Amino acid sequence: MSGPVMARRGFLAAAAGLAAAVTLAACGGAGGTAAAPEASSAPAAQPWTFTDDRGKKVDLDKTPSKVVAQVGAAAALWDFGVRPVGVFGPHKLQDGSKDPQVGNVDITKVTGLGNVWDEFNVEQYIALQPDLLVSSMYENGTLWYVPEKSKDTIEQVAPTVGVMLTGKTATEVIGTYEKLAASLGADMAGVPEAKARMEAATKELAALKDLKILMMSGGADQMWVVNPPEYADIRHLMDNGLDIVVPGKVDEGGFFQTLSWENADTYDADVILYDTRTQALKPEEMMKKPTFAELPAVKAGQLYPWRAEAPFSYQGYADFLEELVANLKKANKLP
């Protein structure tokens with residue numbers, strides 16, 4: 001996701017030495033054995049088409065069955081019933097447990113192609129013989145966590161679908177993943193119940209409109225105040241009643257305002273929601289910053305998690321909103 005770790009892709013070199021591998025995969029995989037022809041009695045495959053948020057239309061002879069997805073996309077699709085064969089992006093923590101960004105994906109049943117920025121095992125990707133790659137986008141046309149240096153090779157292997165996150169509301173993004181999952185043949189089990197939970201939690205936000213809320217992320221030397229219009233989840237919160245601080249000045253790119261910890265008191269707030277992603281400082285670490293520790297919201301114990309990587313699914317947002325509403329109901333407006 002964007003925010004403090006919003007990296008600019010400055011790698012211009014193309015991946016080398018992989019064209020032969022692409023050709024080999026097209027001929028039947030790494031083992032060089034041609035795929036067996038389908039039995040003549042098999043039902044005729046139905047054409048598949050999907051137009052993504054780049055305006056790019058993908059037309060295939062049959063519905064993709066082997067999907068590889070960036071972890072955020074994989075988490076959303078998984079909740080709708082799609083089971084990717086591979087994922088890339090942060091999905092495993094140092095202790096081997098799941099990174100929260102990967103949601104409900106069973107990482108023991110998917111191939112991990114990369115776990116950090118600029119890491120994508122192209123040879124493994126080719127060996128999976130994928131039919132489709134799905135990724136979120138924070139910049140139009142740029143697939144998140146697809147390295148610039150190997151992008152051209154990756155896009156030769158299988159068609160790609162990009163789902164835009166910025167400039168969209170959460171319901172719009174969820175709707176895109178719902179449409180994509182349905183087109184891929186997902187059974188959508190549990191969707192009505194999860195959607196009802198999300199809608200019920202969303203309605204409760206309006207009753208919490210009197211609280212002034214600051215949403216932020218912490219780093220070793222700086223803190224970042226997020227700029228709501230750039231985040232689909234925060235737009236959803238504001239559209240449904242929450243009063244969230246909008247920074248008076250934002251950094252280049254528009255995603256946040258950088259402040260020194262000494263200036264952590266720039267904005268007044270009754271509640272602070274902190275970024276829970278792996279790279280962000282934990283509350284106990286932020287409490288070591290004197291100005292932050294003295295903020296009225298912090299002293300009042302009104303410091304709650306912001307699940308910035310909630311999957312864009314009804315289930316993911318039901319969980320996110322139910323926790324948030326429960327926390328905000330405990331908060332009071334400060335003098």
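Mentor: Start with one residue. This is a predicted model, and in it His91 has 7% relative accessibility. Buried means under 20%, so His91 counts as buried.

Trainee: Where does His91 lie?
Mentor: In a loop. The loop runs between strand S4 (86-88) and strand S5 (111-112).

Trainee: Which backbone oxygen lies 3.5 Å from a polar atom of its side chain?
Mentor: That of Gly114.

Trainee: And what does His91 touch, not counting residues up to four places away in sequence?
Mentor: Gly114 again, plus Gly112 and Asn115. Then Ser97, Lys98, Asp99, Val102 and Ile107.

Trainee: New topic, the whole chain. How many helices and strands?
Mentor: The protein chain has 11 helices and 14 strands.

Trainee: How much of it counts as buried?
Mentor: 49% of its 335 residues. The accessible surface is about 15500 Å², and carbon and sulfur atoms hold 51% of that.

Trainee: Now helix packing. At what angle do H5 and H7 pack?
Mentor: About 125°, with the axes 7 Å apart. H5 covers residues 170-183 and H7 covers 232-239. That angle makes H5 oblique to H7.

Trainee: Which residues make the contact?
Mentor: H5 brings Ala170, Thr171 and Val173. H7 brings Ala232, Asp233 and His236.

Trainee: How do they divide into nonpolar, polar and charged?
Mentor: Three nonpolar, two polar, one charged.

Definitions and conventions. Residues numbered from 1 in each chain as written. Predicted model: local features only at pLDDT ≥ 70, side-chain atom pairs only at ≥ 80, totals over all residues. Heavy atoms only, no water. Helix = DSSP H or I, 4+ residues; strand = E, 2+ residues; numbered from the N terminus. Buried < 20%, exposed > 50% of the residue type's maximum accessible area, 1.4 Å probe, protein only. Polar contact = N/O pair within 3.5 Å; in protein donor to acceptor, adjacent residues only side chain to side chain. Contact = heavy atoms within 4.5 Å. Areas by Shrake-Rupley, 256 points an atom, 1.4 Å probe, with all protein chains shown as cover. Axes fitted to C-alpha atoms, helices over the stretch in contact; angles between N-to-C directions. Parallel < 35°, antiparallel > 145°, perpendicular 65-115°, else oblique. Nonpolar A, V, L, I, M, F, W, Y, C, P; charged D, E, K, R; others polar.
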